[in-house]
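Please read each task with the structure in view before turning to its solution.

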Amino acid sequence: MGAFDFLLQGLATAADPMLLLYALIGVTLGTAVGVLPGIGPALTVALLLPVTYRLDPAGSLIMFAGIYYGGMYGGSTTSILLNTPGESASIITALEGNKMARKGRGGPALATAAIGSFIAGLIATLLLAFLAPTIVKLALVFGPREYFALMVLAFVTVSAAFGESALRGLTSLFLGLALACVGIDQLTGQARLSFGVPELLDGIEVTTMAVAMFALGEALFIAGQRVQVDDEVTAVKGSVWMNRQDWARSWKPWLRGTVIGFPIGAMPAGGAEIGTFLSYATEKKLTKHPEEFGHGAIEGVAGPEAANNASAAGTLVPLLTLGLPTSATAAIMLAGFQQFGLQPGPLLFATNPTLVWGLIASLLIANAMLLVLNLPLIGLWVRLLTIPKPWLYAGILLFATLGTIGANPSTFELGMLLAFGVLGYVMRLFGYPIAPIVVGLILGPMAEQQLRRALSISQGDWIYLVQSPIAAVLLGIAALALIVPLILRARGKGQVLAQLAGDED
């Protein structure tokens with residue numbers, strides 16, 4: 001069977017009325033939480049992760065996919081109407097979209113963002129469906145050393161891509177790897193680092209940690225900021241719909257943004273923000289209205305928003321086919337799979353194809369639902385933007401706590417939630433990225449297992465790890481991903497110092 005046949009089967013699975021309801025709930029919740037100021041897709045998905053815990057795997061993951069896409073959509077509303085990007089990928093949308101809103105063209109800005117997101121999501125999801133089987137066939141030849149090399153690539157790229165310092169990213173990663181050692185050893189059955197606490201024998205609950213680090217840590221960090229800024233919501237004036245000129249100026253940026261965003265999202269350490277900046281630069285270069293850029297050009301909203309959502313679908317390619325998270329949101333989605341004992345990767349396509357293809361098909365359905373929901377409910381989303389910040393973050397704390405209790409009713413688990421929430425706050429305070437510690441906790445056990453298997457096969461010969469061409473290439477890419485940013489940063493600092501020395505002369 002080809003990818004098209006599998007996709008049709010997935011659509012038949014996702015068309016079940018109950019699963020459609022789960023998808024609708026997911027996109028509505030994702031948009032409602034994602035539209036709140038200061039809350040990006042990663043925080044949205046982490047906060048709503050416990051909601052899906054009690055459902056069956058298919059319903060849960062389909063709702064989760066809806067939450068993911070809804071959170072991506074919601075960020076454009078805050079960027080345009082509030083000039084508050086929920087994440088770095090929405091900075092460009094805020095730059096041009098808020099200027100359009102201040103000119104009374106907030107409606108067309110929201111419309112081009114919604115339609116562009118729909119088109120980009122549709123094309124990117126179809127690309128995901130047709131590329132996945134090919135990547136899975138390649139990945140099925142992986143042995144223990146290839147999988148270990150792949151895990152090293154994931155560790156290095158996530159650590160180097162998040163935050164301003166690779167050293168801080170690696171520190172965060174090794175903290176996550178240390179936490180991953182807690183519990184019973186998978187190969188020997190011996191307890192490690194449990195300190196006689198029975199609740200730690202099963203290891204640290206990934207869901208609890210993800211919610212604590214992203215939701216509680218962010219809420220505590222915002223509460224710790226003494227400076228309070230009252231954000232002003234720009235009202236949507238006039239028609240919400242786009243006129244003929246807006247359509248003519250938007251359709252090409254939508255397609256170009258999709259072409260730019262999808263491959264960058266699928267690359268390790270690509271990042272959605274890179275795609276949005278490239279899309280913006282491309283539109284600025286190709287536009288017939290250069291004077292409008294920086295003052296509210298519709299192309300500057302259409303292209304980057306398409307690139308942002310295409311990148312979001314692109315991150316699912318390595319996540320579903322290789323089990324490789326390339327963003328903070330993907331890391332939390334990986335935790336969502338693991339709470340049902342599922343490990344994304346080539347074996348999941350072989351052992352549970354109905355679930356995987358139903359999930360991919362549900363992305364198409366969720367994308368269509370979001371287009372239908374977003375534009376008519378703009379008035380409701382605008383009202384949500386007026387929620388006071390203290391109420392908002394108090395609600396996050398309450399919701400995160402109730403979600404943890406619902407998923408795992410244990411006093412010890414609540415204590416872990418608080419402890420990791422404080423850790424997330426301290427890490428933000430000192431500029432340490434959060435994503436690497438979560439990735440280390442999730443992928444650490446798998447990396448250890450594959451390394452020990454490879455060393456068992458080679459009887460302890462470490463050279464065996466690089467004798468495979470695939471493993472050698474992956475480890476080489478990991479080394480470059482670590483070294484190149486350090487060189488570029490060093491060159492940047494050198495140029496700044498040289499410029500300062502020249503100014504003094």
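**Exercise 1. The chain as a whole**

Task: State how many helices and strands the chain has, and what percentage of its residues count as buried.

Solution. The model is a predicted one. Its chain has 21 helices and two strands. The chain holds 505 residues, and 53% of these count as buried. The accessible surface comes to about 21300 Å², with 67% of that area belonging to carbon and sulfur atoms. As for contacts between residues at least 6 apart in sequence, 79% join residues at least 24 apart.

**Exercise 2. A nonpolar surface patch**

Task: Determine which helix gives the largest share of the nonpolar patch, and whether Leu127 is buried, partly exposed or exposed.

Solution. Begin with the members of the patch: Phe4, Leu8, Leu122, Ile123, Leu126, Leu127, Phe130, Leu131, Trp251 and Leu255 together make a nonpolar surface of about 840 Å². Next, assign them to elements: two or more residues come from each of helix H1 (3-14), helix H6 (106-139) and helix H10 (244-266). The largest share, six residues, is that of H6.

Leu127 is placed in helix H6. Its relative accessibility is 35%, and therefore Leu127 counts as partly exposed; this class lies between the buried limit of 20% and the exposed limit of 50%.

**Exercise 3. A residue in a loop**

Task: Locate Phe142, decide whether Phe142 is buried or exposed, and list its contacts beyond four places in sequence.

Solution. Phe142 belongs to the loop that joins H6 and helix H7 (144-161). With a relative accessible area of 17%, Phe142 is buried, since buried means under 20%. Once neighbours within four places in sequence are set aside, the contacts of Phe142 are Tyr147, Leu150, Ile470 and Leu474. A further pairing spans the sequence: Phe142 and Ser468 are 326 residues apart along the chain, while their C-alpha atoms are separated by 9.9 Å.

**Exercise 4. A glutamate in a helix**

Task: Find the helix that holds Glu283, classify Glu283 as buried or exposed, and name the residues in contact with Glu283.

Solution. Helix H11, residues 272-286, contains Glu283. The relative accessible area of Glu283 is 2%, so this residue is buried. Leaving out neighbours within four places in sequence, Glu283 is in contact with Pro253, Arg256, Phe293, Glu299 and Gly303.

Methods: Residues numbered from 1 in each chain as written. Predicted model: local features only at pLDDT ≥ 70, side-chain atom pairs only at ≥ 80, totals over all residues. Heavy atoms only, no water. Patch = residues over 30% accessible without salt bridge, like charges linked within 9 Å, V, L, I, M, F, W, Y side chains within 5 Å. Areas by Shrake-Rupley, 256 points an atom, 1.4 Å probe, with all protein chains shown as cover. Salt bridge = Lys/Arg side-chain N within 4 Å of Asp/Glu carboxyl O. Helix = DSSP H or I, 4+ residues; strand = E, 2+ residues; numbered from the N terminus. Buried < 20%, exposed > 50% of the residue type's maximum accessible area, 1.4 Å probe, protein only. Contact = heavy atoms within 4.5 Å.
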